[in-house]
Amino acid sequence: MVKVINRILKVFSDNDLFEEGVELIGSWCFSLYQKHLGAKRFPLVTQDVDFLIPSPFHGKEHVDFIKQLEDLGFQSDFKSDGSLFLWNADLKIEFITVEKGRGTDKAIKIKKLGIDAIPLRHVGFLLENPITIVDEGIRVTVPAPERFCLQKLIIASRRKKPEKRLKDLQQAVCASVIVNSKETQVLFRSLPKKWRQDALRMLKFANEEFPLLREEIEKLNSTLQKD
C-alpha cells in the first residue's frame, strides 16, 4: 500500500501541485510526521488519502491529472454531493476544499483540476504556513504540525462517530510531541474563543480515554493554557 501512496504523491509532484498550494492532509500526512519528524507512533489504519485544494485554485490547468491517477489502477466515482473521488480495493483518494460563507451541501468545482471537491469548515486553517517533507525523493507539502494538532482537536469536538473522534484525538496528541510550544501558544490564542474551549474540552476527554498518553496530553494542555 505504501508503494501506491508514493505513486499517488509522485503524480501530484510531477504536476507541481504541491508547489501550487495543494496539501496532503489527514492520516497519511500524520504518517509522514511519524516517519520523518518523530511524531509519537500508534497503529495507523486508514483507506482515505486526503488532499486539500485552495479555493480559488491559482495553479495551472492540469488536463490529464485525473487520468494519471486512474492509470495507477483507480476508478473515478462521485458522491451524492457531486464531489469526485477515486478508489481501488485498498484506498480512496478524496479532494477537500474550504467551505466559505454560510456553507453549502454541494461540491465546489475546481476547473483547472477537472474535479469537484468536498467543502469543509476548519480546513482553511491548515493552508497557512505549510511545511515540506521529502519522502522517497518527493517533496510533499503538508500542514505545519502546530496547525494539524489544533485542527484535529477542534474537529474532534464536532465528530458524530465516536471512532473518528478518537482517531482525531490520538493524532492530535501524538503530533503534539513535535510542535513548537511557543508557536502553538501564539496560534491557539489567535483562535476564536469557541474553538479554544472546544480544544480544551477535547483534551479533557482524551485524558480519560487514553491513559497511556496522559503525559503527552498534560504537556499539551499546559502549553495551551500557559499565560
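Strands β4 and β5 are joined by a hairpin of four residues, where strands and helices are DSSP runs numbered from the N terminus, with at least two residues (E) for a strand and at least four (H or I) for a helix. The model is predicted, so that local features need pLDDT of at least 70 and side-chain atom pairs count only at pLDDT 80 or more, whereas totals for chains, interfaces and linings use all residues. Residues are numbered from 1 along each chain as its sequence is written, and side-chain values use heavy atoms, with hydrogens and water left out.

Strand β4 runs antiparallel to β5 (residues 92–98), to which three bridges join it, two strands being taken to pair if DSSP finds at least two bridges between them. Within this pairing, Leu86 stands opposite Ile93 in β5. Strand β4 (residues 84–87) is also joined by four bridges to strand β3 (residues 75–78), again in an antiparallel arrangement, and here Leu86 is the residue of β4 that stands opposite Ser76. The hairpin of β3 and β4 has five residues between the strands, and in this hairpin Gly82 takes a positive phi near 95 degrees.

Helix α8 (residues 214–225) has twelve residues, which at 1.5 Å a residue should span 16 Å, and the distance of 16 Å between its end C-alpha atoms agrees with this; the expected span is 1.5 Å times one less than the number of residues. Glu216, Ile217, Leu220, Thr223 and Leu224 of α8 are buried, where buried means under 20% relative accessible area, exposed over 50% and partly exposed in between (1.4 Å probe, protein chains only). Seen down the axis of α8, these buried residues fall within an arc of 125 degrees and therefore line one face of the helix, the arc being that of the directions from the helix axis to the C-beta atoms. An α-helix has 3.6 residues a turn, so residues three or four places apart point the same way. The buried residues of α8 pack against α4 (145–156), α5 (162–175), α6 (181–189) and α7 (193–209), contact meaning heavy atoms within 4.5 Å, while Glu215 and Lys219, on the other side of α8, are exposed.

A search of the whole structure finds zero disulfides, a disulfide being a pair of cysteine sulfur atoms within 2.5 Å. Cys29 is in no disulfide, and the nearest cysteine sulfur, that of Cys149, lies 12 Å away; Cys29 is buried, with a relative accessible area of 0%. Cys174 is likewise in no disulfide, its nearest cysteine sulfur being that of Cys149 at 10 Å, and Cys174 is buried with a relative accessible area of 1%.
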